[in-house]
Amino acid sequence: MTGCAAERIQKSLRRRFPHVDLVVGAKSIQEFPDRIAPLLSKKSGDPGAAVRFNWFAESEETFGDGQLRSEGKPLNLGEEGKTGFVTIMRGCNYTCSYCIVPFVRGREAYRPVDQILSEVQSKVRSGNTEVMLLGQTVNSYWQKFGSNGNAGKIFDFADLLLEVHKIEGLETIRFMSPHPHYMTDKLITTLSQCKKISPQIHLPVQSGSNAILKKMNRNYTREEYLEIANKLSQAIPKLQLSTDFIVGFPGETESDFEQTLSLAGQFPFGMAYCFKYSPRAGTAASLLQDDVPQELKEERLSKILRQLEQPCCDD
Ligand code: SF4
């Protein structure tokens, strides 16, 4: 089992699910190859399994602060297909009350621009025509210019996109997941000007109720989100905006939920991931009473899915 929550609750996971062989969290991801290779051999009874896995693992290198990058040998495992995945930052400086990520992954750490660009170039050389730039709040990326006439100035996510956009052979740029707070006018203009940037943009909203957004600690209001969505829509004619909704957050009243429903109907989302709230141990929200009954959460989930008229995710 992998992931932030898995790392956080690994002791109880092992007690409850004794058949789980290995729990590796995001912070320990660099240990993953070393830990899984012998396990694969042992479980499969095939000593070659570890060797084959290590071949894959050797194409990953750690850099600086223990983050992962893939350079040199391409990670052609089939899943990537035409898309190369490039992590540009790790961690999160936000404290959304339902989310375990900041506790497990720590504060934001950004990769140097030259490393990102050389990894994208490497992906393109190895056959990827599309790149997905990854980060928990990918658009909060920034670096300080160190030299030239720009010393001391900030190089932000929009600047990074402009540099990635120049890479020859690269046809499409995607990124995930942006946070509404960092969807600045400068970034929206850049998105509209760079033809390689995919118009499919995912911008999580989570709730349409300002009271719930505040409890979630999302740092924007319903009105601000809609303003950003409308700006994106005006700037990018073929925009397909997708989003996330959580229903049944602690204290969510019928009126709060109606506001989420109305937001879902107010903007033509291309797609949405919808979840019923469930507490994550260690988060601020887990200290709140999970007071929306399960049946009501399910009813609200069905309603929002009907509103969006699409199949979405159950938690
Ligand atoms: S911005 Fe995303 S990763 Fe960060 S705390 Fe909020 S939900 Fe979690």
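Reader: Which residue in β12 stands opposite D244?

Author: This is a predicted model, in which local features need pLDDT of at least 70, side-chain atom pairs count only at pLDDT 80 or more, and totals for chains, interfaces and linings use all residues. Residues are numbered from 1 along each chain as its sequence is written. Strands here are DSSP runs (E, at least two residues), numbered from the N terminus, and two of them pair if DSSP finds at least two bridges between them. Strand β11 (residues 240–247) pairs with β12 in the parallel sense over 6 bridges, and the residue opposite D244 is Y273.

Reader: Which strands stand at the edges of the open sheet of 3 strands?

Author: The strand order is β10-β11-β12, with parallel pairing. Two of these strands each have a single partner, so one side of each is left without a neighbour in the sheet. They are β10 (200–202) and β12 (271–276).

Reader: Which residue stands opposite F175 in β9?

Author: Strand β6 (residues 130–134) runs parallel to β9, and 5 bridges join the two. The residue opposite F175 is L133.

Technical notes. Helices (H or I, at least four residues) and strands (E, at least two) are DSSP runs, numbered from the N terminus.
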